[in-house]
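Please look over the sequence and the model shown here before reading on. The report is written for someone meeting this structure for the first time.

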Amino acid sequence: ACSNGDGKTNTGAAGGATVLNVGMPNGPQTENHNPFLGSSSGASLGYRWMIFEPLVMINGIKPTEAGKPWLATEWKWEANFTKLSFTIRDGVKWSDGKPMTAEDVAYTFQLRKDNDGLNSDAIPYKTITQTGNKVDLTFERSQFVNQNKLLTVFVIPKHQWSTLKDPSQDTLKQPIGTGPYKLKSFTPQTTTLELRDSYWQELPKVKELRYTSYNDNNAQTTALANGASEWSFVFVPNVKAVYQDKDPKNHKLYFPANLGIHGLWINTTNKPFDDPALRRAMDKVINRDDIFMQGEAGYFYPKVESITGIPTPAGESFIAPEFKDKKHAVDVEGAKADLAAAGYKLEGDVLKDKTGKPVEITLTNPAGWSDYITDLEIIKDNLSTIGIKATVDKANQDAWFKAFDEGTFEAGMHWTNGGATPYDIYQNIMDGKILKPVGKGGISGNYGRFSSPEATQLLDTYANATDDATRTTALNGLQKIMVEQMPVIPTSASNVGGLYSTKNWTGWPDEQNSYAPGQPTQQNALEIVLKLKPAGSQ
Amino acid sequence: MKFLLQRVAFYLFTAWAALTINFFIPRLIPGDPVTSLINKYQGQISTEAIQSLYVLFGLDKDASLWSQYVDYWGQVFRGDLGLSFTFFPTPVADVLNQSLPWTIALVGLTTLASFAIGTGLGILAGWRRGSWLDGLLPVTTFLSSIPYFWLGLLAITLLAGPDSIFPSSGGYEPGLVPSWDGAFIGSAIQHSLLPAITILISSVSGWILSMRNMMVTVASEDYITVAHAKGLPEKRVMMSYAARNALLPNVSGFALSLGFIVGGTLLVEIVFSYPGIGYNLFQAVGSKDYPLMQGVFLVITLSVLVANLIADVAYLLLDPRTRKEG
Amino acid sequence: MSAPTSTVTTVSPEGPAVEAKPAKRRRLRFVANGKAATGLIVLGFFCLIAIIGPWIAPYDPSARSSDLIQPPSSEHWFGTTHLGQDIFSQMLVGTRGVMFVGLLAGLVATALSILIGVSSGFLGGAADEGLSALSNVFLVIPALPLIIIVASTIPGAGDLMVALVIGFTSWAWGARVLRAQTLSLRRRDYVEAARATGESTWRIITAEIMPNLTAIIASSFVGTVIFAIMSEITLAFIGISTISEWNWGTILFWAQSQQALAQGAWWWFVPAGLAIAILGTALSLINFGIDEFVSPRLRSSGHHHKTKDGQPIRMRVGFTPILPKPEQNATPVVRKKKEAAA
Amino acid sequence: MTVTDPAVAPAVVPEVVLEADGLTKHFPVRRGIRDLLTRERKVVHAVDDLNLTLRRGRVTALVGESGSGKSTVARLLAQLHHRTDGDIRLHGESVTVRGGRKFRAYCRQVQMIFQDPFASLNPTHTVRYHLTRALKIHGRAGNSKAELETNLRDLLLRVQLTPPERYLDKFPHELSGGQRQRVSIARALGADPQALLADEPVSMLDVSIRLGVLNLLRDLKERLNLAILYITHDIASARYFADETMVMYAGRMVEGGDSETVTQHPAHPYTRLLIESAPDPDRLDRVGDLRAPEDQGSGEPPSLIAPPTGCRFHPRCVHAMPKCSTELPPRFELPIVESGQSHWAACWLYEEGAAK
Amino acid sequence: MSGKEPVLEIKDFSVDYGLGDEGVQAVRDVTLTLHRGEVLGLAGESGSGKSTLAYGVTRLLPPPGVISGGEVIYHPPGGDPYDVMSLTNAELRAFRWAETSIVFQGAMNSLNPVHKVSTQMLDVIKAHEPDLSPEARIARAKDMLKLVGISADRMDAYPHQLSGGMRQRVMIGMALVLEPQIVIMDEPTTALDVVMQRQILAQLVELRERLGFSVLFITHDLSLLVEFSDRIAIMYGGRIVEEAKSADLYKDSLHPYSEGLLKSFPALRGPRKELAGIPGSPPDLRGMPTGCSFHPRCPHAFDRCSEEVPLLGIPSARNDPSRSVACWLPGRVPVG
Ligand SMILES: Nc1ncnc2c1ncn2[C@@H]1O[C@H](COP(=O)(O)OP(=O)(O)OP(=O)(O)O)[C@@H](O)[C@H]1O
Ligand SMILES: Nc1ncnc2c1ncn2[C@@H]1O[C@H](COP(=O)(O)OP(=O)(O)OP(=O)(O)O)[C@@H](O)[C@H]1O
Ligand SMILES: [Mg+2]
Ligand SMILES: [Mg+2]
């Protein structure tokens with residue numbers, strides 16, 4: 001623990017709020033402010049972003065928009081995304097008073113290059129050079145698909161980190177960053193940050209940030225409902241009754257989608273599910289609305305409407321013209337007709353495949369993941385309308401993971417990667433380069449063992465293309481494959497949402513002003529905090 | 001003191017066996033910390049991160065089970081419990097250091113209180129059979145049959161809330177920093193009230209019953225009749241003759257239950273979001289955090305053994321018959 | 001060699017020996033105990049539900065309907081879940097899992113504790129030392145964490161697995177008690193006498209010692225059943241064991257993960273908890289019954305006394321009550337020297 | 001070495017059934033393997049160098065205070081304990097058995113009755129069960145149910161539990177002490193033994209029923225020609241019931257001989273003390289003055305873990321001589337008081353030439 | 001020794017176990033007088049109600065025992081007699097041990113195993129004589145133990161550290177420490193062997209001479225009583241069936257049961273005679289025979305025995321007020 005805390009319990013009174021209470025349902029924390037480590041309390045609660053700032057701030061829900069200059073004032077991609085040069089901002093000071101320089105930035109990249117453990121995006125760095133206030137990076141391959149990951153890299157002070165014995169194993173008890181906040185105190189329950197004296201931008205209005213870690217969703221929900229937590233990201237069932245109705249004026253949800261999806265992954269090596277026609281028919285009967293309303297409590301993972309599986313509005317601009325208006329809708333009769341055309345027979349309640357065998361499928365997910373399980377219950381119900389008998393199997397989490405990894409599952413809900421473009425989604429679903437045979441694990445995507453040389457080719461083209469036109473063509477081709485082959489039946493988009501209260505603070509992002517995702521643990525959280533104003537001060 | 005030496009030898013053996021089991025059980029669990037971490041952040045950690053995590057956790061090297069076992073013992077003796085995966089790279093010892101006091105304070109004090117209250121009531125119920133105290137038994141039996149977590153959740157719903165004196169979760173007020181000042185201690189006590197009361201409710205009946213039964217058994221011993229015949233004051237007969245003897249078998253039960261404080265608090269800590277060691281175990285199991293699991297086990301095992309040793313010593317002190325001459 | 005015929009035989013009834021009425025079994029007296037009887041009736045009720053529950057359940061417990069989170073009504077006696085599932089049906093169907101795990105775990109643990117406890121007590125020597133060390137190790141390792149870990153080890157741990165895990169981890173206490181008791185029984189004269197008669201060791205254990213352990217075995221069985229049911233429900237509640245099979249813990253798991261209480265859906269939460277409490281109480285009552293049967297001193301009913309004319313009398317150790325004189329004419333009461341202010 | 005010298009009691013010496021020669025039993029003082037660390041091995045010298053002969057149709061009494069090793073002797077003879085040293089001969093053949101068929105064959109001939117009839121019958125079994133087992137084990141149950149029934153009835157009749165039907169299906173707790181002891185005897189008779197070891201068979205019984213059981217045993221001895229070892233601490237009943245009497249003190253025999261001689265003319269100081277101490281209403285002159293004529297010293301029985309050297313009685317003995325504490329007294333034959341009876345004592349007082 | 005002055009008069013004393021229908025009567029209308037300074041022996045076979053009577057008189061019977069009738073008049077030396085049965089609990093506590101103390105059968109069970117002998121001894125003194133200084137108490141306890149032959153250094157021993165005989169002596173010492181008028185001894189020596197038994201009884205006799213208390217001595221060993229007590233009362237089936245001076249009873253017992261008892265002991269001296277014993281078994285409290293409860297076992301029983309209960313009284317044939325018997329046999333029918 002660090003300095004003493006004062007015994008004040010909540011935000012200021014009439015004079016306007018000074019403290020913002022952020023909560024996460026992540027259990028007791030240990031003191032660890034290392035921003036690289038996902039297991040650190042800084043990452044778990046999200047306050048690392050209040051201390052360490054990125055070179056460029058990119059809106060997570062609008063990844064295609066140009067980023068805001070942050071610690072870099074300018075950046076430029078060259079040589080088909082194999083070279084990147086930054087111009088580093090002047091006049092930024094570390095919280096210990098030392099100036100932040102391009103040297104620090106170069107060191108930041110060097111550190112990632114030298115330590116596999118810290119290079120979490122597996123970026124193939126080639127050279128890192130610093131000249132004056134410029135930093136140039138080169139890469140082994142085109143980094144088009146990783147461009148946002150590179151731009152949003154956070155910067156750490158060389159003078160501190162070069163003294164650490166092992167940066168990946170240091171708990172960094174005294175974090176030094178460029179952000180507007182510095183650590184005030186740490187307890188396993190609560191980390192408190194206080195405002196620095198100076199900051200390269202205008203100082204935010206929030207004087208103190210309190211990050212409280214609740215042991216579980218219930219505790220977090222209770223805290224949200226009674227106002228002890230003003231900002232959080234947690235799954236709240238029946239959110240209206242449990243959260244919103246407790247203070248309808250102030251308790252707000254904001255759950256925008258990003259470019260990642262959840263869907264029903266199907267093992268495409270299993271008969272008869274290797275037949276795209278069957279998968280398409282399944283897609284036609286799966287009720288994404290029910291899944292959204294019942295499984296995801298009407299807000300959590302937003303529904304994916306496009307039949308391409310690209311979440312909107314984040315991916316609106318990527319959708320191919322031919323699919324622009326194709327919204328998914330439940331069409332049982334259509335599905336039946338398609339199946340009949342493809343040679344399936346519906347005998348009474350039972351669908352028989354071409355060989356005359358009843359079509360049955362086991363849907364598997366870990367027991368504890370109640371939203372996925374609920375989704376599966378709904379899917380099971382939906383599939384029965386076309387005579388497919390589904391069983392929901394609630395597996396042990398590890399068993400389930402292994403089944404996906406080794407391709408021994410039949411079907412189940414799973415997520416895809418997300419990124420700046422839909423490429424990440426498709427790559428994760430269809431890439432033949434990462435394909436491994438059934439029974440072999442260590443796969444990092446393509447769990448359904450979807451094998452399409454065409455898709456692999458298109459993904460490759462996209463990643464290494466030199467111009468936008470080629471990319472658009474490739475992506476359109478991928479969408480077509482997705483729609484026709486349906487290796488994964490999309491249901492929901494990943495969210496980057498949050499629940500917040502406008503009682504003490506206003507200026508939050510919302511549907512009208514979607515300047516940032518709503519989640520307190522995302523990099524954009526800093527932007528949100530910078531924009532917050534005490535309620536009633538406008 | 002030969003007796004004690006023998007016991008110590010026995011404890012060493014038991015400790016060895018228990019610790020060996022502790023070593024093996026986590027390793028038999030399929031799955032590894034990395035996949036657990038990825039599952040935990042459904043979709044928020046990209047699949048490319050896997051390799052970097054394996055490197056980070058040092059899981060990319062294969063060591064034989066035997067060498068791991070040897071290392072494990074080396075660590076145990078050095079008091080080095082390794083780094084936790086969940087809180088990587090925080091040493092397990094630090095994690096435990098942070099949570100253990102909470103568990104010991106809450107559950108330890110509650111267990112003590114429960115034992116004291118239960119034993120007291122049990123003494124009375126056993127001594128005054130046929131009085132209203134008999135009515136206590138069915139009620140406490142029912143209360144103790146209620147699943148603990150259910151009682152806790154019910155208590156939270158009914159009693160806790162922003163306006164109530166009972167906070168619904170946590171070990172202390174979020175803004176406070178642990179220190180020995182009034183505000184913090186007050187807050188810690190306030191936060192422990194509801195968990196303590198629920199633990200008390202569900203555990204006290206066991207003590208009442210066992211103490212009552214022992215009292216009843218002892219009350220028909222000859223020496224109690226003799227004590228009555230001696231014309232001693234009733235209180236003296238009840239406490240110094242009956243209760244003193246009836247307490248003996250309960251002492252070992254009490255010591256055992258002290259040992260189980262650490263292991264048995266899981267549900268309390270889950271339900272009340274209490275920052276103790278039981279919750280650590282829950283987290284460790286969920287994220288395949290062997291080092292943390294082993295650490296928690298180590299603490300639990302040692303506390304049980306120590307509690308047993310204390311029980312032995314207490315018995316030795318309380319029951320002159322077990323003391324050997326010379 | 002035939003025994004010399006007795007010369008003292010004075011009475012030798014002619015004809016076949018009259019089959020004497022078998023002496024009343026002492027064991028049955030146990031049921032006469034009010035507590036035990038109540039407990040047994042409740043237990044019987046739950047066993048019945050465990051058997052017929054799935055047949056009499058009005059709905060498929062997993063079937064969704066459009067009545068989401070409805071409070072109890074005539075269609076759904078215990079209300080519905082967030083998916084419109086009927087909680088009453090879930091309770092009925094779930095009873096089987098609870099009883100199955102409880103009883104099976106109890107059986108496994110009891111069998112193990114008998115095997116280990118009795119043989120360690122009877123054999124003595126090195127075998128005893130080894131087996132007691134084993135039980136001590138199992139006693140020292142806290143059961144619930146162990147169960148949680150082992151259960152989470154086994155992929156898709158179903159009821160059977162959970163029962164076995166609980167059974168295999170919770171025998172130690174019973175074994176310790178049985179060992180102690182066996183030790184004391186082993187020194188009893190009738191065991192020695194059986195040996196002197198020429199009984200085999202095996203037969204001495206099964207026919208001479210075991211019947212005298214029945215009460216303890218029964219009580220440790222009931223105790224393990226309580227523990228197993230609580231553990232199973234806890235495992236399901238914290239989401240460690242598979243929740244594909246319905247049991248009360250699964251219901252509570254769903255209620256908890258859907259924050260039923262925060263939603264005000266008390267009906268989702270209350271029946272399962274109460275059912276567990278009632279079942280637990282019933283089992284405890286049976287155990288009290290057994291305790292009182294074994295040690296009659298514990299019978300508290302023996303202390304609520306009424307005289308023939310209905311006057312209550314409190315029995316107290318150390319101060320024997322004096323019955324009020326029914327009539328004054330029997331013996332003239334000598335002058336009361338001191339007024340008894342009873 | 002046998003007690004009865006053939007020269008003294010000629011001609012009609014009944015057949016020897018069971019004899020013990022130099023029988024010794026030391027119980028290790030054990031408290032688990034943990035004690036193995038400590039080198040010294042302490043033992044309880046429960047029985048040391050005991051010689052004993054049981055003959056057909058004769059009752060031999062073994063008397064001694066509590067803890068003197070009487071029960072241990074019985075258990076050794078019943079092969080329930082392993083002897084540390086010495087020999088047990090059944091019909092002249094040395095036997096050592098460790099269970100199994102040989103043990104059964106041995107039990108068929110040597111049966112034991114326990115002190116406490118309340119503890120020696122299993123409370124969970126009926127009389128029928130106890131007796132049926134005894135018969136079945138020794139193959140005397142007969143081939144049919146009816147035959148078994150007859151045999152059971154015979155057994156009960158033999159111990160005078162009549163009518164047998166009334167007792168067959170009773171549980172031990174439904175019987176009185178005397179009846180239970182009769183069932184125990186019946187069980188022992190179920191094997192049709194030749195030697196009966198009765199370990200204080202009546203000490204737990206009420207005064208008024210004791211006699212019934214003793215008389216029954218005597219009757220059985222006569223009719224079945226049994227050899228009986230009668231263990232007791234009541235020397236008067238030994239006089240009444242036994243043909244010869246042996247006195248034990250702290251694991252050793254100190255005196256032996258014909259019952260009447262031993263009780264009327266006790267030789268060993270311990271026997272004398274025992275007899276003096278026994279309540280004796282006939283000596284009404286002693287009313288109110290219970291002091292025994294001889295002072296008994298500390299009166300505490302010795303520790304058997306470290307028994308006194310030499311004669312074990314010497315610390316309490318008023319006649320103790322220096323020799324008593326160093327040398328173990330052998331048996332000294334005593335002058336015969338009544339004709340045809342042998343009598344010996346292990347006491348230096350009776351060494352040839354010692355002053356009496 | 002026995003001046004004819006009574007110290008304890010038990011009158012028509014009855015004790016039941018259980019109440020209502022489950023109740024059985026274990027002691028029936030017993031009338032017995034203990035005189036100052038005498039040893040009164042109470043004999044009878046197991047279950048005849050000896051202990052029940054002793055505990056009943058002091059109201060120490062464990063549940064479900066209840067006193068269903070009668071009086072116990074205690075005559076304090078130089079004070080007014082009073083009925084023990086009508087004392088309040090507090091008065092009873094004060095009465096106990098100071099006036100009447102008890103030595104129970106098993107000394108191991110009578111001493112609290114977890115307290116030192118001295119503690120248990122001092123407890124009594126403290127409870128009854130709170131004004132005494134602690135030193136005086138200790139001195140008193142020490143003296144008493146010395147008197148019963150236990151050296152002062154054993155004061156701080158725990159009961160298990162003493163041998164059976166020593167424990168019994170401690171109990172006797174404790175019973176005498178307040179110099180009570182009456183000491184009730186319930187089979188104090190049955191667990192000991194004869195040598196030890198004699199030692200302890202010898203000591204008791206000596207102490208009685210010194211302190212002058214009266215003893216109610218309970219045993220089933222009639223031969224011991226004959227030797228040791230002044231008078232003997234024989235109990236059978238919850239009643240006193242005969243009462244006489246020891247010598248009289250031994251030489252010339254009037255009740256067939258006493259006769260049977262005496263004939264059950266093999267004699268250590270004298271001619272070896274055949275012993276008869278008593279046929280049959282003790283009566284069951286639930287199904288007491290009508291009339292004289294001994295009649296089913298009595299060799300001399302006749303019709304009247306099974307019809308009427310004989311009352312204890314001075315036998316018609318002997319006009320000896322020191323004797324009484326309850327029997328219908330000619331010559332023994334009570335007069336008056
Ligand atoms: N199994 C045993 N282990 C150790 N010591 C034993 C064992 N059995 C008996 N002893 C000891 O051996 C000695 C003789 O015991 P034993 O039972 O033979 O005496 P006893 O003469 O029958 O006494 P009692 O009259 O009380 O029955 C005693 O000191 C006893 O403590
Ligand atoms: N708690 C009880 N409940 C019912 N009956 C009892 C109880 N205690 C004793 N009795 C009965 O009361 C009768 C008298 O018992 P008591 O103990 O006074 O006999 P005793 O003469 O002292 O015998 P012993 O010589 O065995 O000590 C017995 O028949 C006994 O069965
Ligand atoms: Mg013996
Ligand atoms: Mg008695």
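What follows describes a pair of helices and a pair of sheets in this predicted model.

| Helix | Residues | First to last C-alpha | Expected span |
|---|---|---|---|
| Helix 6 of chain E | 164-176 (13 residues) | 19 Å | 18 Å |
| Helix 7 of chain E | 194-211 (18 residues) | 25 Å | 26 Å |

Helix 6 of chain E reaches a length close to the one expected at 1.5 Å a residue, and helix 7 of chain E is likewise close to its expected value. Helix 6 of chain E is mostly covered, with 12 of its 13 residues buried; among them are E:Arg167, E:Gln168 and E:Arg169, as well as E:Val170, E:Met171 and E:Ile172. In helix 7 of chain E, 14 of the 18 residues are buried, so this helix is largely enclosed by the rest of the structure. The residue that follows helix 7 of chain E is E:Gly212, which has a positive phi near 75°.

**The four-stranded sheet of chain A**

In chain A, four strands in the order 4-5-7-6 make up an open sheet with antiparallel pairing. Strand 4 (72-78) and strand 6 (125-131) of chain A stand at its edges and have a single partner strand each, so one side of each is left without a neighbour in the sheet. Neighbouring strands of this sheet are turned against each other by 15° on average, direction ignored. Strand 4 of chain A is joined by six bridges to strand 5 (residues 83-88) of chain A, and the two run antiparallel; A:Lys76 stands opposite A:Ser85 in strand 5 of chain A. Helix 3 (residues 102-114) of chain A packs on the sheet, where it touches strand 5, strand 6 and strand 7 (134-139) of chain A, and its direction makes about 165° with that of strand 6 of chain A.

**The eight-stranded sheet of chain D**

Chain D holds an open sheet of eight strands, ordered 6-7-8-3-9-10-12-11, in which the pairing is mixed. Its edge strands are strand 6 (110-113) and strand 11 (332-333) of chain D, each of which pairs on one side only. Strand 3 (residues 59-63) and strand 9 (residues 244-249) of chain D run parallel and are joined by four bridges, and D:Leu62 stands opposite D:Met246 in strand 9 of chain D. Helix 6 (residues 177-190) of chain D packs on this sheet, touching strand 6 and strand 7 (195-199) of chain D, and its direction makes about 170° with that of strand 6 of chain D.

Definitions and conventions: Residues numbered from 1 in each chain as written. Chains lettered and ligands numbered in written order. Predicted model: local features only at pLDDT ≥ 70, side-chain atom pairs only at ≥ 80, totals over all residues. Heavy atoms only, no water. Expected span 1.5 Å × (residues − 1). Buried < 20%, exposed > 50% of the residue type's maximum accessible area, 1.4 Å probe, protein only. Pairing = 2+ DSSP bridges. Axes fitted to C-alpha atoms, helices over the stretch in contact; angles between N-to-C directions. Contact = heavy atoms within 4.5 Å.
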